[in-house]
Amino acid sequence: MKKFAMAAVGGTLAGIIATTQVVGPLLAQETAKSGNVYEQLDLFGDIFERIRAQYVEEVEAGELIEAAIDGMLTSLDPHSSYLSPDDASAMRVQTRGEFGGLGIEVTQEEGFVKVVSPIDGTPADEAGVEAGDFITHVDGDSVLGLTLDEAVEMMRGPVGSEILITIVREGETEPFDVSIIRDTIKLTAVRTRTQGDTVVLRVTTFNDQTYTNLEAGLKEQIEEAGGIDKINGIVVDLRNNPGGLLTQAIRVSDAFLEGGEIVSTRGREVQDGERYNATAGDLAEGKPIVVLINGGSASASEIVAGALQDHRRAIVVGTKSFGKGSVQTVMPLRGDGAMRLTTARYYTPSGRSIQALGVSPDIVVEQPRNRPDEEEDEDTPRSLRSEADLRGSLNNDSLSEDQIKQIEADRAKADAAAALREEDYQLAYAIDILKGLSALVPVE
């Protein structure tokens with residue numbers, strides 16, 4: 001990917017050098033080294049007027065100003081940007097949990113759009129887009145050289161319309177195209193289910209609904225199981241969760257902690273730092289927890305994983321997380337626009353900054369890629385015979401009917417767990433950990 005990106009960048013630079021004309025007075029003014037801010041603003045004004053007067057096509061003054069503002073913000077880091085009134089409105093809708101689009105969270109790396117994670121059940125997820133994919137073209141047009149907002153704008157469109165994105169993926173020798181039909185994205189922040197004796201909380205995003213969904217879903221699963229004593233633990237699945245609201249990450253972490261620091265943020269000035277602490281009360285009532293993460297787990301997901309890991313409240317399983325350890329503050333601007341500005345870094349309770357490093361799992365478990373079905377060896381027996389299959393074998397008369405039924409039920413659970421390994425190896429691994437921990441609890 002690096003070779004691919006560097007070659008493309010080199011070609012772009014060569015093109016710029018070959019086609020740029022030099023205007024003497026303007027260049028001299030640009031290269032003047034002056035610490036005077038007002039002189040620099042005068043320079044901006046000169047360039048602005050030169051563009052309006054001499055650019056090959058007529059341009060809107062407002063669009064030029066917005067582009068200049070956005071350029072100033074995006075030059076800081078990949079997450080700072082200007083939000084036009086329409087973008088600011090769309091962002092507010094997204095945090096409420098319903099919006100139109102493909103269903104992917106993206107960032108920018110080496111000039112290309114990188115998928116942080118697809119959102120469960122969205123068109124992108126169903127089309128097979130994966131965390132870590134690089135999007136190089138949209139409908140045949142390259143995104144190289146565009147800002148992240150410009151690239152995202154290319155991917156927007158009416159619900160029901162088709163988009164063709166070109167993807168470069170690690171492990172694939174050639175780029176390939178993926179066709180996606182845009183749809184209205186309705187986010188279910190938390191999906192809950194019980195797998196065997198384990199409650200699985202699949203947290204897909206951190207929006208206004210997340211903690212409420214998690215609390216209600218966990219309560220429902222515990223009641224259906226017959227009480228907290230009937231479950232052996234909880235899996236909090238944060239894989240491919242791109243993050244969201246800091247406040248919701250704090251509440252989800254607090255849900256399983258009795259006290260202590262959850263996360264701290266540190267800005268440029270010491271007085272700008274904040275610490276967020278847990279309050280008494282554990283929704284899991286002390287039951288063991290496994291947190292699942294991968295390269296698509298970012299931002300708020302990393303806050304939750306880091307907090308539960310540092311407090312030794314959970315075992316973190318999977319692969320290294322994305323590594324977005326910065327906090328963005330959305331500041332309203334005149335004219336209904338907004339500015340998204342990186343204002344702080346966040347730190348886990350032990351003082352770790354996750355920025356660019358991510359959360360390292362306690363147990364590294366890769367998710368195997370789908371393998372083509374192997375042809376069955378004709379010499380391999382289709383099923384192994386047991387003692388019970390032998391003609392004339394003795395019956396086991398030491399077990400009651402109830403005991404036999406219990407053994408058969410346990411065997412069915414084991415078979416279900418084995419089937420889950422084929423479907424989702426990481427989740428099956430997490431459930432096996434909880435099963436092993438519950439086996440070590442002394443019988444009273």
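Student: Why is Ala 356 called exposed?

Tutor: This is a predicted model, and in it Ala 356 has a relative accessibility of 59%. Exposed means over 50%, so Ala 356 counts as exposed. Its place is in the loop between β18 (338–347) and β19 (363–364).

Student: What makes the phi of Ala 356 worth a remark?

Tutor: Phi of Ala 356 is positive, about 70 degrees, although the residue is not a glycine. Asn 240 also gets a remark: its phi is near 55 degrees, a positive value in a residue other than glycine. Asn 240 sits in the loop between β12 (233–237) and α9.

Student: How do you know whether Thr 166 is buried or exposed?

Tutor: Set its value against the cut-off: buried means under 20%. Thr 166 has 13% relative accessibility, so it counts as buried. Thr 166 lies in strand β7.

Student: Which residues does Thr 166 touch, not counting residues up to four places away in sequence?

Tutor: Thr 166 touches Phe 134, Ile 135, Thr 136, His 137, Pro 175, Phe 176 and Asp 177. Take His 137 from that list: it is 29 residues from Thr 166 in sequence, and their C-alpha atoms are 5.0 Å apart in space.

Student: What makes us say that the buried residues of α7 line one face of the helix?

Tutor: First, name them: in helix α7 (residues 148–155) the buried residues are Leu 148, Ala 151 and Met 155. Seen down the axis of α7, they fall within an arc of 65 degrees, so they line one face of the helix. The buried residues of α7 pack against β3 (104–109), β4 (112–118), β5 (134–138) and β7 (162–168).

Student: Why are α8 and α9 called roughly parallel?

Tutor: Helix α8 (residues 210–225) and helix α9 (residues 246–254) pack at an angle of about 25 degrees. Angles under 35 degrees count as roughly parallel, so α8 and α9 are given that description. Their axes are 9 Å apart. Thr 210, Tyr 211 and Leu 214 of α8 make the contact with Gln 248, Arg 251 and Val 252 of α9. Sorted by type, the residues of this contact are three nonpolar, two polar and one charged.

Student: Which elements do the buried residues of α9 pack against?

Tutor: They pack against α8, β13 (261–266), β14 (274–277) and α10. The buried residues in α9 are Gln 248, Ala 249, Ile 250, Val 252, Ser 253 and Asp 254.

Student: Which members of the largest nonpolar core touch the most other members?

Tutor: This core has 41 residues, and those that touch the most other members are Ile 234, Val 236, Phe 256 and Val 291. Helix α10 (residues 300–310) supplies the largest share of this core, six residues. Apart from this core lies another, of 21 residues, among them Ala 124, Val 129, Ala 151 and Ile 180.

Student: Which residues is Val 236 in contact with, leaving aside neighbours within four places in sequence?

Tutor: Val 236 is in contact with Leu 201, Val 203, Phe 256, Ile 289, Val 290, Val 291 and Leu 292.

Conventions:
Residues numbered from 1 in each chain as written. Predicted model: local features only at pLDDT ≥ 70, side-chain atom pairs only at ≥ 80, totals over all residues. Heavy atoms only, no water. Axes fitted to C-alpha atoms, helices over the stretch in contact; angles between N-to-C directions. Helix = DSSP H or I, 4+ residues; strand = E, 2+ residues; numbered from the N terminus. Parallel < 35°, antiparallel > 145°, perpendicular 65-115°, else oblique. Contact = heavy atoms within 4.5 Å. Nonpolar A, V, L, I, M, F, W, Y, C, P; charged D, E, K, R; others polar. Core = buried A, V, L, I, M, F, W, Y, C linked by side-chain atoms within 4.5 Å. Buried < 20%, exposed > 50% of the residue type's maximum accessible area, 1.4 Å probe, protein only. Arc of directions from axis to C-beta.
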